[in-house]
Amino acid sequence: MSERRQGPGFRPLLVSGLLLAFFLQGFSTLALKTPTFDEPAHIGAGFSYLKTRQFKVNLQHPPLLKEIGALPLLAMGAKWPMTPDAWAEISDDPDPWVQWQLGMDVIFGNDSGRVLFWTRLPFLLLATFLGFLIYAWGRKLVGDAAAVGALFLYVFDPTILAHGTLVTTDVGFAAFLMLFLFALYRYIEQRSVPRLLLCGLALGAALGSKFTGVVLLPVAAIFVYAAALFIPASPGLRPSTLADPYASADRGQRIVWCLYALLAMGAVAALVIYALYFFPSNPFLYFKGMGRVNADHITAYAPFMAGEFKPRFWTYYIVAYLLKEPIASILLVGVGLMAFTRRGVRTALDRTFVLLPPISLFLGYTVVSHNLGIRYIIPALPFLYLLGGAGVAYLIHERGRVGKVLAAVLCVWVVVAAWGIYPDHLSYFNELACLPEAPGKIGLDGGSACGVLWFDDSNVDWGQGLGQLKEWLDRHAPGRVVNLGYFGSIRPEFYGLVYNRITVQDLTARPLPPGLYAISAHLVARGIGELARKQGRGEGNWLLHGRPTAVVAHAYYVYDIPLPPPE
């Protein structure tokens, strides 16, 4: 049976199945993973906004996603941990640690498992909605079959599976960014006032999710003005209006009304943002928060990549993409880019909408952001999935039997990447991570065993495996005190760990005394770099060459150093 005959009935079932597969993968980890570094700050801040109607903590991020995460807490009657007098004592510019302490009090002052499950659930739903948007818009941009392929790559991407369930800003921002650009595409395609208003609402949601959303303003202007060059005038030579800036044949009139359309979108977006702050007396609260971006980052912190520390790596996000996305997905993106940009395959508008946003985001994050993880470029990934989907469709429909076999092999490889690292998706690295130095460590989880050779921070461990470590210790080392190298923002004793805290300096200053050690992959990576500075990459770099007793949750390297034999 031809694809055209079976497609209309089969494709909705396939799309629904893929979205369900994504939801179930994320659902199974909602309560399994312990709070990541940023989650307590977002959870506490969002709950404070809804409970007090005041914005004192975590202003360096807009409020929308934090409020979404806090809505279930309000509905379930979660206990607010502060008295009115204690809250009043907090200034409008508190110490950065206040936001994390507040979050810990909210999480652990209630049933922590329930809090994490319910506050993360809206983010999983939002990530599932993003998958639907990729498919829905992809049908117009790259075609039906390619849209299914794009959704497939999204559903089994370890990066999305890791961050799509977390109370953080990256995937949520990607969803609203995608929604705005989809709405803008539809407005340019068929102009009307309701579609213009939808653009403004979606723009407000994107700007209210992350301050990076300001990049959408020049991108939107480029799209709106570029469309004036190739959209034909309306029949009957009607004058341009807000409903249709392109109606007139007069280029100057078109450009003026394009400006009015952009201003109208901006006005609606500003009203949305004002509402998200509950109509404050200070209408510039959004800009106050924008001025605090990265205020809680340690300025002296040097990012780590490939064994080195630098203030900034200009290739950081390109290398992160090439190592932390499945190789099969990257190959399909390459094939899709070639197929998508062929002359006559798609319109100039389609190509611009697919290619300009990821280029702008990659460049923007490279220049402005701190090198703290692939999570920063998550908003660019949906457009790469669209190209990857175009690659799947090209291989299946235009390269004969060999193309179909190759597409099937690459798709199976993508599924194996997600399955092999489950449920520890955040720590995923592809096989390229191990090829230079340790190809023998490649496994079903790709090159995740070599991730610490390349990156630190949220690329390898963000605090998400603490509960799994406690379960491992209870089974394999009951009653023993562990020397814990922890990277996170909560107190490990909340999960019943009895431990001595150790740091990177402890790992690199002297040989470790006998005992049981559980060291965060983040600290292992930075320890490898610090030891390389002091002793190079030879045997003296024990973290580089030592074999751990176990690696728990792909995030904790366990070493059991025995007592020396008696003389």
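**Figure 1. The disulfide of the predicted model.** Counting as a disulfide any pair of cysteine sulfur atoms within 2.5 Å, the total is one disulfide. This is a predicted model, in which local features need pLDDT of at least 70 and side-chain atom pairs count only at pLDDT 80 or more, whereas totals for chains, interfaces and linings use all residues. Residues are numbered from 1 along each chain as its sequence is written, and side-chain values use heavy atoms, with hydrogens and water left out. The bond joins Cys434 to Cys450, with an S to S distance of 2.1 Å. The link of Cys434 and Cys450 is right-handed, with 105 degrees about the S-S bond. Both Cys434 and Cys450 lie in the loop between helix H18 (400-421) and helix H19 (466-476), 16 residues apart, and the pair links distant parts of the chain. Helices here are DSSP runs (H or I, at least four residues), numbered from the N terminus. Cys434 is buried, at a relative accessible area of 0%, and Cys450 is buried at 1%. Buried denotes under 20% relative accessible area, exposed over 50%, and partly exposed the range in between (1.4 Å probe, protein chains only).

**Figure 2. Cys199 and Cys258.** The sulfur of Cys258 is 12 Å from the closest cysteine sulfur, that of Cys199, and is therefore too far for a bond. Cys199 is buried, with 0% relative accessible area, and Cys258 is likewise buried at 0%.

Figure 3. The whole structure holds three cavities of 30 Å³ or more. A cavity is a set of points, on a 1 Å grid over the protein atoms alone, where a 1.4 Å probe fits but cannot get out; lining residues have an atom within 4 Å of a point. Grid points are joined across faces, edges and corners, and a volume is the space filled by probe spheres set on the points. The largest cavity has a volume of about 110 Å³. Its lining includes Thr29, Lys33, Leu161, Asp424 and Gln464. By class, this lining has five nonpolar, five polar and two charged residues. Ala, Val, Leu, Ile, Met, Phe, Trp, Tyr, Cys and Pro count as nonpolar, Asp, Glu, Lys and Arg as charged, and the others, Gly among them, as polar.

**Figure 4. The second largest cavity.** Among the residues lining the second largest cavity are Ser427, Phe429, Val460, His554 and Tyr557. The lining divides into five nonpolar, four polar and no charged residues.

**Figure 5. Leu184 in the largest nonpolar core.** A nonpolar core is a set of buried Ala, Val, Leu, Ile, Met, Phe, Trp, Tyr and Cys residues joined through side-chain atoms within 4.5 Å. The largest core has 172 residues, of which Tyr154, Phe180, Leu181 and Leu184 touch the most other members. Residues up to four places away in sequence aside, Leu184 touches Cys199, Ala220, Phe223, Val224, Met265 and Phe353. A second, separate core of 19 residues includes Leu469, Val482, Ala550 and Val552.

**Figure 6. Thr169 and its contacts.** Thr169 is placed in the loop between helix H8 (158-163) and helix H9 (170-189). Thr169 is buried, with a relative accessible area of 6%. Apart from neighbours within four places in sequence, Thr169 is in contact (heavy atoms within 4.5 Å) with His42, His61, Leu65, Ser209 and Lys210.

**Figure 7. Ala75 in helix H3.** Ala75 belongs to helix H3 (residues 64-75). Ala75 counts as exposed, at 70% relative accessibility. Ala75 and Pro40 are 35 residues apart along the chain, and their C-alpha atoms are separated by 19 Å.

Conventions: Helices (H or I, at least four residues) and strands (E, at least two) are DSSP runs, numbered from the N terminus. On a 1 Å grid over the protein atoms alone, a cavity is a set of points where a 1.4 Å probe fits but cannot get out, and a pocket is an open set with protein on both sides within 12 Å along at least five of seven lines; lining residues have an atom within 4 Å of a point.
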